[in-house]
Amino acid sequence: MVAKIKLDNDQIFLVEGSFIERINAESLRIGDLLEITLASYKEFEKLKLFTINDISNVILSIAFDCYIESIEFSVLIILENRRSTKFYYSLDLELTKWRNLYSIDEYIAQLQKVAREEYNQGIKLDIEAIEGNCVFDFEINTPDTLEVIHKNIISKIFEVTNTAKAELLENLNKNSTISLFHFPEHVRTYCEQYLIYFTEFLQNVGISASCDLSHKAGQVLFSVTPNSTETALEQIREALNIYLQLPNIISDNYNLSGIAPKEQQLLANIKHFESQLFLANAMIQTQNTNIQNLNFIVTQQQKLIDTSILQHSLITTKANNKDEEKEKLIEGAVSLTKFEKYGVEINVANIYRKIKEIIFKK
């Protein structure tokens, strides 16, 4: 559709039947085009179903601020031509509050490195620091709507920044593997408890290591350090990849005969984690029922969740395998499917032996 946007006598922008009140938008006419500054993301949402081609004949630029996960972004969209559009997303580096183990220059350099490695077709990304702000410069060539483009850009920014942080932290301690998680607040404690059991899990597959869990800017930083230099970090990453998936693929249909104490302990840990999530979901349902008449909108953190939350909350871990959507990690014991929501029948008695074979490539 072609946008019908204009400034009428009442100073209201008309947008295909909806409108943006003049008090919520400032405009500057440049020839036949408008430079628009919106008061909030709410006003931008009225344009979200338009494509670049829809609005490029009437709008030269759009500026607005938005908050994503408590982070404020200043956004500037410049419609240079119909073939490419510039999307600038700027966030404050908060120089006076900088307490990271790496410098701002190191952070920006790592962001640029990750951006080069993460190039996507249809998206060109440059990153630079300007007056205490980190500016993500996207050049977009896509027929998608503004809403889709905005969501894809935000996702890419978080992917790049979190990968850069994890790699910087891992470079500071080359003897450890670092993973970042962002758990919903109401289940964070349960998820962290499950992560703590990972040391015991490693011990049962023949790896001696220590784990450390800390918090940084609302994220959980999980580091694992092998006690022997002969243990490859890639083996630990492979073990963590399997460990995070176990609650999502182990069903109630396992055979209890011949299960050793360590396998029984693993099952107990998983069942305990499942029961905690079940309780959290029950509390959420009760809360939603009590306030349903208030037209309460359930937020992302309050949606019902299952054991796949461990995988979905993993922001990044260095050397993640992003190419394979499915692989038989434990052939003969279980087929681990990355996006599977329910369990499959599993021979639990063989699980540690099969995991060892995978980790140590026997």
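Reply: A definition to start with: rings of Phe, Tyr and Trp (its six-membered ring) count as a pair if their centres lie within 6.5 Å. With that, Y194, F198, F201, F222, Y243, F273 and Y352 form one aromatic cluster. Note that this is a predicted model.

Me: How many aromatic pairs are there in the whole structure?

Reply: The search finds 17 aromatic pairs. One of them is F198 with F201, with ring centres 6.0 Å apart and planes at 20°.

Me: Why is that F198 and F201 pair stacked?

Reply: Planes under 30 degrees apart count as stacked, and the planes of F198 and F201 are at 20°, so the pair falls in that class.

Me: Where do F198 and F201 lie?

Reply: Both are in helix α6, three residues apart, which is about one turn of the helix.

Me: Is F201 buried or exposed?

Reply: F201 is buried, because its relative accessibility is 2% and the cut-off for buried is under 20%. F198 is buried as well, at 0%.

Me: Which other ring does F201 pair with?

Reply: F201 also forms an aromatic pair with Y352, at 5.7 Å centre to centre. The angle between the planes is 45°, and the pair is tilted. This pair links distant parts of the chain: F201 is in helix α6 and Y352 in helix α10 (residues 351-359), 151 residues apart.

Me: And Y352, buried or exposed?

Reply: Buried, with a relative accessible area of 3%.

Me: Changing topic to cavities. How many of 30 Å³ or more turn up?

Reply: Two, from a search of the whole structure. The second largest cavity holds about 30 Å³ of space.

Me: Which residues line the second largest cavity?

Reply: Its lining consists of Y197, E200, F201, Y243, L266, N269 and Y352. The elements giving two or more residues to that lining are α6 (198-204) and α8 (261-290).

Me: Now the overall numbers. How many helices and strands?

Reply: The protein has 10 helices and 13 strands. It has 362 residues, and 44% of them are buried.

Me: What about the surface and the contacts?

Reply: The protein exposes about 19700 Å², with carbon and sulfur atoms supplying 49% of that area. For contacts between residues at least 6 apart in sequence, 62% join residues at least 24 apart.

Technical notes:
Residues numbered from 1 in each chain as written. Predicted model: local features only at pLDDT ≥ 70, side-chain atom pairs only at ≥ 80, totals over all residues. Heavy atoms only, no water. 1 Å grid on protein atoms, 1.4 Å probe; cavity = no way out; pocket = protein on both sides within 12 Å on 5 of 7 lines; lining within 4 Å. Points joined across faces, edges and corners; volume = space filled by probe spheres on them. Helix = DSSP H or I, 4+ residues; strand = E, 2+ residues; numbered from the N terminus. Buried < 20%, exposed > 50% of the residue type's maximum accessible area, 1.4 Å probe, protein only. Contact = heavy atoms within 4.5 Å. Areas by Shrake-Rupley, 256 points an atom, 1.4 Å probe, with all protein chains shown as cover. Phe/Tyr/Trp six-rings, centres within 6.5 Å; stacked < 30°, edge-to-face > 60°.
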